[in-house]
Amino acid sequence: MLEKTFEPQAAEPRLYAQWEESGLFAPRAAKPTDGAADAYSIVIPPPNVTGSLHIGHALNNTLQDILARYHRMKGKAVLWLPGTDHAGIATQMVVERQLAAAGAPGRRDMGRDAFVDKIWEWKAESGGTIVRQLRRLGASCDWSRERFTLDEGLNAAVRKVFVKLHQDGLIYRDKRLVNWDPHFQTAISDLEVEQREQEGHYWHFAYPLADGVTYEHPIAFDEDGKATEFETRGFIVVATTRPETMLGDTGVAVHPEDERYAGLVGKDVILPITGRRIPIVADDYADPTKGSGAVKITPAHDFNDFGVGKRAGLAALNVMDAFARITNEDVPEIPADLVGLDRFAARKAIVARAEEENWLREIEKTKHVVPHGDRSGVVIEPWLTDQWYVDAHTLAQPALKAVEDGDTVFEPKSYEKIYFEWLRNIEPWCISRQLWWGHRIPAWYDADGKIYVAETEEEAIAQAGGKTLTQDEDVLDTWFSSALWPFSTMGWPEKTEDLQRFYPTSDLVTAADIIFFWVARMMMMGQHFMGEVPFKRVIINGLVRDEKGQKMSKSKGNVIDPLGIIDELGADPLRFTMAILSGTRDIKLSKQRIEGYRNFGTKLWNAARFSQMNDAKRVEGFDPATVEQTINRWIRGELTKAERQVSDAIEGGRFDDAAGALYRFVWNVFCDWYLELAKPVFNGADEAAKAETRAMTAWTIDQTLKLLHPVMPFITEELWAELGKEGPARDGLLIGTEWPVLPDAFVDASAEAEIGWLVDLVGEIRALRAEMNVPPSAKPPLAFVAPDAVTAERIARHRDLLLTLGRVSEITVAEAAPAGAVTFVSGGTTAALSLAGIIDLTAERARLEKEIAVFESDIGHVNKKLGNPNFVSRAAPEVVDEQRAKLAEAEEGKAKLQAALVRLDAMAGA
């Protein structure tokens, strides 16, 4: 007999160990008959080696595991390939902090080789944390194939790709603007930039016009916006939130259609402090409606300005060094007292000087978004520097065409728009990072600065004719090695069996925020080096938020820790919750939701215990096609429909539909109805019916465990083992069992109609009892008004069940509804529940009217809120949605009570 409850804390580690030891995580052996459709492969989005399992990982890996387990049970050779990313900045930061905490020499003191050795030591000791945590979630990856983006095989692949792209003219060195992190002294990707809103200022500076030029500037306007007053000005006003960058200004831009400045285009201004002449240029970037309409242009320190500078032919002058301190290397005119100052100290000094020299016109308070390094926390500086770039535009064209032609599809399809938008407007990809941990760039320099690109130093020296060479100090962007992940992890550049069998991969499950950072780049690299797309389908999972729809963050205290949930409730409830909520872009999650689905697992466990208590055991040779009892033919059909729904949903990547179908079948169909309908059979005297229903119950539970296993693997595997102790011996673990494929003939229309009639009728009786506030202990009589012959036969066959499930005292057939009865229609037949003497009509009317009044008050209150434009426009979207949901709920509740009141009046008037 099963224990009273499933204990996940004890069972899950044991079951996972069994799965690993079974070897079933690895792809099955190839068969001579295998074709492309017999393989299923998916590569894990490699989590950072420094990471710990967060709720986003739990969602993403649950969905991947559902796919892997499902296709494995379908008989396919499944490769779910795991691995971790070396996470350049994050890992280097972790080790530097450890060294500092231990009082050890810092990175620069110990030197590159010794520091990298320290990181490898850290990885050996602590780098496997997230891999162990994925096991706790139940991830059935083939751990024997686990990869690391810095392992030797991937190192070789990265070097080969770099060299080949350089030979093809698709990798080159250039001086461009990058996101520069002054703390780590490295370029970082857009994904590593965190935009933070903060208080700041616009400083309005007056730049004097050169050569005594003046113009008439409008200062007053009529109702139509036409200038009515002017003043003569010898200056032009610009505004900036970063005064320190003015030292590198090389132009002022105005809109070409801005009449105020039309006569100034081509003239010069004198840049304060440096005294440098800079031109006024016309460019669409300048917005006449913002500020003065004139914009200072600093091409070396602003991405938009860089573009204006390119179009206008303006110089790009760096005025900061790698530590974001003022330098005069490009601008000798910068005063000595500013050189060497931190950018923010320089800001204060420049503003003070502007005020003192009277070219500060205004200080305007503002809230603006400022980019910060997500790891360092410091303000990012757009900085002009020499870096290595990939010609992403050229590589993007085949990647665009592949999705346009349907070679790779996105689910949901709407995400293709993000993919297309980025690839059609793609910029060169900066791939160099000024770090020590990562793939060192395979480029060497001779004493004259000439570059030699090769896979090894020996090859580079041979290219250089034996010259002494120095390797580039930089490493590659982490996303560069990740872009090769689908094929490098399978052994490329070698022509391995895995590549032949599993590339291109079947699916990729990932998040929307890395469609361009990772998905698009894998598409580019896969097609360039493999000649095929890396995956046939991209499934985009949503973002997990808290129950109010807010983004989870430690500062808000609303983070749900998946490991804490697993410790307390087990992995299965978390997995089921992730699946059933996965159909939306913003997943609203609460611990209460997860607890609710823990109850779902408990319901299944209790159903299995109930079946055991009623001697429902598996029977050797049992054939569900031969069952005769109506309830057994019905449940067979319901199970078949559920199998179709679950299979179709998983195949289509609709995990929420799959979980919903499982929930409805297990809870609403099997537990709530089939087992209730089976109780009289179990307790009856018909031994043949009893034996058939016992066998059918056991068989149905077995098939249900198979269907539910991909979503809730632990509890289903445990039940499979425990229930397998009785009846014929199991062939093996549930994870290795074949997926049920049930014939269409299992759906029995007559059984479905009859049990459907019974279920609907009992449901109507129960709803009416609740609506009319009938005490649970009361058993009113039930009468059917002039039923047809088919209904009369059903009433006779199911009389005992109706008496029990409907909690009625007797069942009769009448020509008209009895006095004092409430009528309702079910299955086309009128029925009457006699409530006279059971409920107090006066008291019940008062109760209904009181509850209706409460709903009306709630409806009025919510309508007032929603009718207020200020509330709708200013409140958070989730708050507005919550009020709309409240309104719908109140209106529905009121409608039900009003229907009950109508019935009550009809009963009183009868």
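## Aromatic pairs

Rings of Phe, Tyr and Trp (its six-membered ring) count as a pair if their centres lie within 6.5 Å; planes under 30 degrees apart make the pair stacked, planes over 60 make it edge-to-face, and the rest are tilted. The structure, a predicted model, holds 35 aromatic pairs.

In one of these pairs, the ring centres of Tyr16 and Trp19 are 5.9 Å apart and the planes stand at 70°, so the pair is edge-to-face. Tyr16 and Trp19 are three residues apart in helix α1 (residues 8–22), which puts about one helical turn between them. Helices (H or I, at least four residues) are DSSP runs, numbered from the N terminus. Both Tyr16 and Trp19 are buried, where buried means under 20% relative accessible area, exposed over 50%, and partly exposed in between (1.4 Å probe, protein chains only).

## A stacked pair and its cluster

Tyr663 and Trp667 have ring centres 5.5 Å apart and planes at 15°, so this pair is stacked. The two are four residues apart in helix α21 (residues 655–682), separated by about one helical turn. Tyr663 is partly exposed, with a relative accessible area of 24%.

Tyr663 and Trp667 belong to one aromatic cluster with Phe576, Tyr597 and Phe600.

## Charges over rings

A charge sits over a ring if NZ of Lys or CZ of Arg is within 6 Å of the ring centre and within 35 degrees of the ring normal. Arg361 lies over the face of Phe235, at 4.7 Å from the ring centre. Over the face of Tyr415 lies Arg585, at 4.3 Å from the ring centre.

## Basis of the values

Residues are numbered from 1 along each chain as its sequence is written, and side-chain values use heavy atoms, leaving out hydrogens and water. In this predicted model, local features need pLDDT of at least 70 and side-chain atom pairs count only at pLDDT 80 or more, while totals for chains, interfaces and linings use all residues.
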